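Subject: Structure handover

Hello,

Here is the structure I promised to pass on. Please open it first, then read my notes below.

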Amino acid sequence: MRDQIVAGNWKMNNDHRETEILLNALAVHSKPKDVRVMVAPSFTQLSQSIDLLKNDSIKVVAQNMNAAASGAYTGEVSAAMLKGVGVTTVVLGHSERRSLYHENNSSLSEKVKTAIAEGMEIIFCFGEQLEERKTDRHFEVVKDQLSEALFALPEAAWEHIILAYEPVWAIGTGETASPAQAQEMHAFIRSLIVERYSLSLANEIAILYGGSVKPSNAKEIFSMEDVDGGLIGGASLNAEDFMAIVNAF
Ligand code: PGA
């Protein structure tokens, strides 16, 4: 049985006070035993979040990291720094990192290698732009993103990886992929893993859907056979909404 996962990507939201309020509100809810729940605060709030969640099953993850171990990279954070504060999971390849900070499949493959060498777990994000879907190139784009960033890895390295398919046109837009569109792409992703690796790996890998997941649509999306949970942006900033999504399996 694959992991069921709901991860909240806070993006550049929640300062010290807001983090305390939101995490305290999440902490009072009981969590389903069979769902891994994660939140990704800003770097500055990681230690605080770990401290506030020390008696809770919610895991704190980072939104990004640098591929290098240390050095002249002003403004950047290394894997060792994350591990030093107790963070062992990192989101890589979010579409905002790709579009605003010029990350690409090649630079992401370096980050992935470092994260794996450091023993970290990765939530690897990818997905097509609206134009690519409209011109029916979404399968090709997703195939390229996965092949170029991940398919050079040996099969054993995949125990570190969670995939998050996030069609860019559905992120923060209120427009969600239909459950059928999500299922179709997730099944395609599994078929790529069968082709490159093995059926057993394809069956084990958790594939999350992200893009305007809300309490009102989570149940239907999570009920799809190849959807193992969600990466949640906007709705993760509200405790009631986030917990409703966590409980939507
Ligand atoms: P959204 O963001 O839920 O606000 O669409 C998802 C994401 O960016 O991971």
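Helices α1 and α11 cross with a right-handed sense. This is a predicted model, so please read everything below with that in mind.

Helix pairs

Start with α1 and α11, the latter being residues 239-246. Their axes come within 9 Å of each other. The crossing angle is roughly 40°, which makes α1 oblique to α11. From α1, the contact uses Leu-22, Ala-25 and Leu-26. From α11, it uses Ala-239, Phe-242 and Met-243.

Now take α5 (residues 105-117) and α7 (residues 138-150). Here the axes come within 7 Å and cross at roughly 45°. These two helices are therefore oblique to each other as well. Their crossing is right-handed. On the α5 side, look for Asn-105, Ser-109 and Val-112. They meet Asp-144, Gln-145, Glu-148, Ala-149 and Leu-150 of α7. The make-up of this contact is three nonpolar, three polar and two charged residues.

Salt bridges

How many salt bridges does the model hold? The count comes to 15.

Lys-11 and Glu-96 pair through their side chains, with 2.8 Å from N to O. This pair joins distant parts of the chain, 85 residues apart. Lys-11 sits in the loop between β1 (4-9) and α1 (16-27). Glu-96 belongs to helix α4, residues 95-100. Glu-96 counts as partly exposed because its relative accessibility is 27%.

Asp-56 bridges to Lys-31, and the closest N and O atoms are 2.9 Å apart. Again the link is between distant parts of the chain, this time 25 residues apart. Asp-56 is in the loop between α2 (46-52) and β3 (59-60). Lys-31 is in the loop between α1 and β2 (35-40). Are these two partners buried or exposed? Asp-56 has 17% relative accessibility, so Asp-56 counts as buried. Lys-31 is at 16%, so Lys-31 counts as buried too.

Glu-128 forms a salt bridge with Arg-133. The closest N and O atoms in that pair are 2.7 Å apart. Glu-128 is buried, with a relative accessible area of 0%. Arg-133 has 14% relative accessibility and counts as buried.

There is also a network. Salt bridges link Arg-2, Arg-190, Asp-226 and Asp-228.

Last, please look at Ala-164 in strand β6, residues 161-165. Ala-164 has a relative accessible area of 0%, so it is buried. Which residues does Ala-164 touch, leaving out those up to four places away in sequence? Ile-123, Phe-124, Cys-125 and Phe-126 are among them. Leu-208 and Leu-231 complete the set. Ser-57, for comparison, is 107 residues from Ala-164 in sequence. The C-alpha to C-alpha separation of Ala-164 and Ser-57 is 21 Å.

Over to you.

Best wishes

How values were computed: Residues numbered from 1 in each chain as written. Predicted model: local features only at pLDDT ≥ 70, side-chain atom pairs only at ≥ 80, totals over all residues. Heavy atoms only, no water. Helix = DSSP H or I, 4+ residues; strand = E, 2+ residues; numbered from the N terminus. Buried < 20%, exposed > 50% of the residue type's maximum accessible area, 1.4 Å probe, protein only. Contact = heavy atoms within 4.5 Å. Axes fitted to C-alpha atoms, helices over the stretch in contact; angles between N-to-C directions. Parallel < 35°, antiparallel > 145°, perpendicular 65-115°, else oblique. Left-handed = near helix turned anticlockwise from the far one by under 90°. Nonpolar A, V, L, I, M, F, W, Y, C, P; charged D, E, K, R; others polar. Salt bridge = Lys/Arg side-chain N within 4 Å of Asp/Glu carboxyl O.
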